[in-house]
Amino acid sequence: LVQWDYDDNPTPLFMAIKHRKWKDAFKILVASDSVSLSSKQQYNQASVWISRVENSGKLRWRLLPLHASVIFKAPLEIVQLLLLDYPDGIFCKDDHGMLP
């Protein structure tokens, strides 16, 4: 499980989806851009969980880009590319136990 904090370092793919910048999301997915936590670790952006926590440390929410694509009503092409990049995402439940 690779989880990044929304307030500190969300992935470019997640932010493109959140802001409904579909062309940017498409470019990231087609390029299969990876992101790194360190010089030794590379992650497919479609597989990175983005989370937000309260000041108390309690989890507020946690989503994959696939979950976000449903919430923000992404075009079908974006959803298909997310599934191609991270097929297991379809089986991943968000913080509420919901599948995409």
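## Contacts and the model

Residues 24 or more positions apart account for 56% of the contacts with a separation of 6 or more in the protein chain, a contact being heavy atoms within 4.5 Å. This is a predicted model, in which local features need pLDDT of at least 70 and side-chain atom pairs count only at pLDDT 80 or more, while totals for chains, interfaces and linings use all residues. Residues are numbered from 1 along each chain as its sequence is written, and side-chain values use heavy atoms, leaving out hydrogens and water.

## Secondary structure

The protein chain contains four helices and five strands, arranged along the sequence as β-α-α-β-β-β-β-α-α. Helices (H or I, at least four residues) and strands (E, at least two) are DSSP runs, numbered from the N terminus.

## Nonpolar core

Of the 100 residues in the protein chain, 38% are buried; buried means under 20% relative accessible area, exposed over 50%, and partly exposed in between (1.4 Å probe, protein chains only). The largest nonpolar core has 24 residues, where such a core is a set of buried Ala, Val, Leu, Ile, Met, Phe, Trp, Tyr and Cys residues joined through side-chain atoms within 4.5 Å. Phe14 is among the residues with the most contacts inside this core. Its partners include Tyr6, Ile50 and Trp61.

## Salt bridges

There are two salt bridges, each a side-chain nitrogen of Lys or Arg within 4 Å of a carboxyl oxygen of Asp or Glu. In one, the closest N and O atoms of Arg52 and Asp7 are 2.7 Å apart. Arg52 lies in strand 4 and Asp7 in the loop between strand 1 and helix 1, so the pair ties together parts that are 45 residues apart in sequence.

Conventions
Lists of a residue's contacts leave out its neighbours within four places in sequence.
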